[in-house]
Amino acid sequence: MRETPALLALEDGTVFAGMSCGARGETNGEIVFNTSLSGYQEVITDPSYAGQIVTMTMPHIGNYGANGADMESRGVFASGFVVRELSSLASNWRAEETMGEFLVRHGVVAIEGIDTRRLTRHIRETGAMRAVLSTEDLDPVSLVAKATAAPGLVGRDLVAEVAVREVYRWGAEGPGGLPVDTGVLPVAPRFTVVALDSGIKYNILRRLAEAGCEVAVVPPTMSAADVLAHEPDGVFLANGPGDPSAVDYLYTTLTELIGQVPVFGICLGHQMLSLAVGCSTYKLKYGHRGGNQPVKNLLTGRVEITSQNHGFCVDFGSIGPLVPADSGGLEFGPNDLAAWARAGVAPVVRSERFGRVQLTHVNLNDMTTEGIRLLDAPAFSVQYHPEAAPGPHDSRYLFNAFTAMMDGFADYLSEAQ
């Protein structure tokens, strides 16, 4: 396997030569980087990475191997995998195979031996772009041409490619009726939750179960009437891949659910809630991917270190005009998030259809939108992954905030801290 050469070619003509450390073949996708120090298996089995070739910035990957318990979905969804060095040994009692064996078994084309620091800096300077990774075609000119012709992410609905197509209940069965190891001790459920699967991760479902929720996972194409037929206490909107503006069927359904049932969304689910209340979204230069993103909670003043994986962002100011009376009497621009973060005030804008919407969380690296809540309906969302798989646990309080909202507490985001 490691005697097979491989090439990674970017659409701007940059080419990296290395050796294969996974399955042989050819793949294309948007080249991105993830700054997590560990959790590589959880990363590439996250459906949010569909359509992307993932570069790990940690130079040594695979030292603790791979195992069935660390799967975050039913398979690998990343289009390809790039590392500086892949460990040939698995030094951990939980390991069931080496990471190389895992990659081959799942058919993941992967490359090692390239300068991932140089690649990461190149992505930061020029932005995420299309790329091709191959062990079959070693002609740089040919691969660059293929990268240029490959499909991008803008306007592309990848949710339809990764989501489940039938309903299943977490803890009782998995996709296709297969049993699932929930990974948490049984908790008597207090709430019934419908989770719209746009690329959901298993640890999200574990955290919901741990918070006392019985979860029915349903396709993202399910109608609002069919969702309500489950008589849920709440609706959960999951993470997922691709351009959120292309998933119009999901945020259109959400417009029919807001106000009828409490709603909690994360990552793509945050973008769905924001689009439903009237915002627009835009593509970030190279996205937020890793377990060290600082986010300020404007309601409490606390800073959370968060796990993130997204390439698109919500334009908070596009929702509607500022409501100064609900924004501490201040009149900064609704998109001047740095000013609101410095003031420690959570601004409120008015959605034409759903009333007041408050900015609750801000990314302190680039001052982008990380969370909102509706003040006139029970709904809130965050841009990051509070289930921490992989990542820090600072944001797990949000699952308790969801149950508090279903209990009817008005100050659920503050009470759950």
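## Close-up views of a predicted model

View 1. Glu 30 stands opposite Gln 52 in β4. The model shown here and in every view is predicted. Strand β3 covers residues 26-34, and strand β4 covers residues 52-56. The two strands pair in the parallel sense. Five bridges join them.

**View 2. Helix α3 packs on the sheet.** Helix α3 spans residues 116-126. Its contacts include β1 (5-10), β2 (15-20) and β9 (129-134). Helix α3 also touches β3, β4 and β6 (80-82). The direction of α3 makes about 80° with that of β3.

**View 3. Helix α4 packs on the sheet as well.** This helix is formed by residues 140-149. The strands it touches are β1, β2, β3 and β9. Its direction makes about 135° with that of β9.

**View 4. Seven strands close into a barrel.** Follow the strands around: β1-β2-β8-β6-β4-β3-β9. The pairing is mixed. On average, neighbouring strands of this sheet are turned by 35° against each other, direction ignored.

View 5. The model has eight aromatic pairs. Phe 236 belongs to strand β13 (residues 234-237), and Phe 264 to strand β14 (residues 263-266). The pair therefore ties together parts that are 28 residues apart in sequence. Both Phe 236 and Phe 264 are buried.

**View 6. Phe 264 and Phe 380 are stacked.** Here the centres are 4.5 Å apart, with 15° between the planes. Phe 380 lies in strand β20 (residues 379-382) and Phe 264 in β14, so this pair links parts that are 116 residues apart in sequence. Phe 264 is buried, and so is Phe 380. One aromatic cluster is formed by Phe 236, Phe 264, Phe 380, Phe 399 and Phe 402.

**View 7. A lysine charge sits over a ring.** The lysine is Lys 283, and the ring is that of Phe 312. The charged end of Lys 283 is 5.7 Å from the ring centre.

**View 8. Ser 274 is buried in helix α9.** The helix runs over residues 268-276. The relative accessible area of Ser 274 is 0%, so this residue counts as buried, which takes under 20%. Leaving out residues up to four places away in sequence, Ser 274 touches Cys 279, Val 314 and Ile 372.

Technical notes
Residues are numbered from 1 along each chain as its sequence is written. This is a predicted model: local features need pLDDT of at least 70, side-chain atom pairs count only at pLDDT 80 or more; totals for chains, interfaces and linings use all residues. Side-chain values use heavy atoms; hydrogens and water are left out. Two strands pair if DSSP finds at least two bridges between them. Helices (H or I, at least four residues) and strands (E, at least two) are DSSP runs, numbered from the N terminus. Axes are lines fitted to C-alpha atoms, for helices over the stretch in contact, and angles run from 0 to 180 degrees between N-to-C directions. Contact means heavy atoms within 4.5 Å. Rings of Phe, Tyr and Trp (its six-membered ring) pair if their centres lie within 6.5 Å; planes under 30 degrees apart count as stacked, over 60 as edge-to-face and the rest as tilted. Buried means under 20% relative accessible area, exposed over 50%, partly exposed in between (1.4 Å probe, protein chains only). A charge sits over a ring if NZ of Lys or CZ of Arg is within 6 Å of the ring centre and within 35 degrees of the ring normal.
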